[in-house]
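Open the model in your viewer and keep the selection panel at hand.

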Amino acid sequence: MKKEDRVLIKKFLKYFRPYIGFSVLLLITILLSVGVSLIQPVLWSKLITSVFGNDLRSLYKIVIMFVILFILTVGVNLLQSVLKAYLNTHIVYDIQQDLFNNMLSMKMEYFDSMANGAIISRITGDTKQIVDLIIKEVLPDVIAVLKLIFSFVIMIKISWKLTIITIITLPILMLYYSKNSKTVRQKQSEVRNANDHIISSIQQAIAGIVNVKMLGLKNIERELFRINNEEKCKKEFDFSVFVVIFQTIISLMGLISEVTVFAVGGYFVLTAYLTAESFIQYTSYSQQFSNASLTLVGLVTDYQRIIVSIRRLNE
């Protein structure tokens, strides 16, 4: 992370300070969610072995544990959703208040150099997008990263040989990310700027609607809006395709790794290197690991979008 980016993020995170208690409580619910997800593979493996082993007593105990976990999961998810909604609405409110007050204090040169639509977009669109990304996207990504770490530790404990097969594609993923992170940020910035032009076109057309009608400028305004809208559409499509290709490449890496794990793991079970129960647990944890790895793509994209929006707010 660049020093400039660290300064911007630190400046933005000050808005979370008044809500530190709610943030800590949200963190606790995140840790509980991770804990529940890590317990489930063990229960599933024991459930399957108890069914095939005709062990009814163990089966009943496991079913009761699943019911308890389900109730706990519902409660945690409900509390987590309420906390996210509270933080989202209140932090957006605080930021928009500060930005609007700062705007009123700016010199006239600022308004001469900045289009009205761009100012409106920053106060409304960028503010909402940053907070939405952090609360609704980045936090779930944090859960996935925690799953990634804990799943990795458990996978090594079960079978370090299978773990090597599972993680062998990660260096390729990191290399691919490092080569494309700058492109992600650039394309995201282009999309936001194109959207500014659209808002400015609409705002200027509404503000001058009398002159547009009296002077017969409708066709000119239509053409200007069409050009700006086409540019925005093209930028959004290019960015979406870039992200889809990025995700597809990583999905293919994960698929190859999973198929290899199933083949080698099956051989290990047949040769008694692993028990069937351990293999079932490993496959569950490896799938969690793979899914969490995929969310790294979302985390990378969200980070770039957050930085772009924060920079725009500080322009």
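Start with the charge pairs: the structure holds 6 salt bridges. A salt bridge here is a side-chain nitrogen of Lys or Arg within 4 Å of a carboxyl oxygen of Asp or Glu. This is a predicted model, where local features need pLDDT of at least 70, side-chain atom pairs count only at pLDDT 80 or more, and totals for chains, interfaces and linings use all residues. Residues are numbered from 1 along each chain as its sequence is written, and side-chain values use heavy atoms, with hydrogens and water left out.

**Stop 1: helix α9**

Select residues 218-270, which make up helix α9. Helices are DSSP runs (H or I, at least four residues), and strands are too (E, at least two), numbered from the N terminus. Show Lys235 and Glu231: their closest N and O atoms are 3.5 Å apart. These two sit 4 residues apart in α9, so about one helical turn separates them.

Next, pick Lys232 and Glu236, a salt bridge at 3.4 Å, N to O. Lys232 is buried at 16% relative accessible area, while Glu236 is partly exposed at 32%. Buried means under 20% relative accessible area, exposed over 50%, and partly exposed in between (1.4 Å probe, protein chains only).

Then take Lys234 and Asp238, which meet at 3.2 Å, N to O. Both lie in α9, 4 residues apart, about one turn of the helix. Salt bridges that share partners also join Glu223, Arg226 and Glu230 into one network.

**Stop 2: helix α2**

Select 20-52, helix α2. It has 33 residues and reaches 49 Å from first C-alpha to last, close to the expected 48 Å. That expectation is 1.5 Å times one less than the number of residues. Just after α2, Asn54 takes a positive phi of about 55°.

**Stop 3**

Show Ile20, Val24, Leu25, Ile28, Leu32 and Leu79: they form a nonpolar surface patch with about 480 Å² of accessible area together. Patch residues have over 30% relative accessible area and no salt bridge; like charges are joined within 9 Å, nonpolar side chains (Val, Leu, Ile, Met, Phe, Trp, Tyr) within 5 Å. Areas come from the Shrake-Rupley method with a 1.4 Å probe. α2 gives the most to this patch, with 5 residues.

Now select Lys10, Lys11, Lys14 and Arg17, a positive patch. Lys14 lies in the loop between α1 and α2.

**Last stop: the whole chain**

Zoom out. The chain has 10 helices and 0 strands. Of its 315 residues, 38% are buried.

Technical notes
Lys, Arg positive; Asp, Glu negative; His and termini not counted. Charge placed at Lys NZ, Arg CZ, Asp CG, Glu CD.
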